[in-house]
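Welcome, and thank you for taking a look.

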Amino acid sequence: MLGKRSIEQNEDEKDMSDKEFPQMSRQERKRHREKKRRGKVNAGFDDLKAALVQIDPDPSSLEGINRVDLITRTVAVLTELYEENKNLKLQQSQEQRNDLVTLAIPYLVPKEGKHQQDGK
């Protein structure tokens, strides 16, 4: 079984021709892997910002935002969405219970006509 590091090294080797990677020194390979890792991190932040622009109520606040503030804003938006979702689920379950009670009331309360007949 390959470790994480071995898998990353194999991915790096796939990007390069068979002749290029082995000819690189250990230091060059390390620099290449680090450059590739930074590219993935940058792409991840770009994806995060793009997703946040779509769901953030104030996307103008994301213009020129740094990474720390981007993560902080993302956590705030996710927390708001989580609370809103939780409240909507609670509201929905209460409405469903009210609907069940409304449907059950005619069966639980005797009709007026039956009381009058029983009283005669």
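## Charged pairs and a nonpolar core

Let us begin with a pair of side chains: Arg 38 and Glu 34 meet in a salt bridge, with N and O 3.9 Å apart. A salt bridge here is a side-chain nitrogen of Lys or Arg within 4 Å of a carboxyl oxygen of Asp or Glu. The two residues are four apart in helix α3, so about one helical turn separates Arg 38 from Glu 34.

This is a predicted model, in which local features need pLDDT of at least 70 and side-chain atom pairs count only at pLDDT 80 or more, while totals for chains, interfaces and linings use all residues. Residues are numbered from 1 along each chain as its sequence is written, and side-chain values use heavy atoms, leaving out hydrogens and water.

The whole structure holds three salt bridges, listed here.

| Salt bridge | N to O distance |
|---|---|
| Arg 37 and Glu 34 | 2.7 Å |
| Arg 38 and Glu 34 | 3.9 Å |
| Glu 83 and Lys 86 | 3.7 Å |

Glu 83 and Lys 86 both sit in helix α4, three residues apart. Glu 83 is partly exposed at 34% relative accessibility, and Lys 86 is partly exposed at 42%. Shared partners join Glu 34, Arg 37 and Arg 38 into one network. For accessibility, buried means under 20% relative accessible area, exposed over 50% and partly exposed in between, with a 1.4 Å probe and protein chains only.

Stepping back, the chain has five helices and zero strands. Both kinds of element are DSSP runs numbered from the N terminus: helices are H or I with at least four residues, strands E with at least two. Average pLDDT, the predictor's confidence in each residue from 0 to 100, is 78 for the chain.

Which residues make up the largest nonpolar core? They are Phe 45, Leu 52, Leu 62, Leu 70 and Val 77. Helices α3 and α4 (67–108) each give two or more residues to this core. Such a core is a set of buried Ala, Val, Leu, Ile, Met, Phe, Trp, Tyr and Cys residues joined through side-chain atoms within 4.5 Å.

In helix α4 there is also Thr 74, buried at a relative accessible area of 11%. Not counting residues up to four places away in sequence, Thr 74 touches Leu 48 and Leu 52, where contact means heavy atoms within 4.5 Å.
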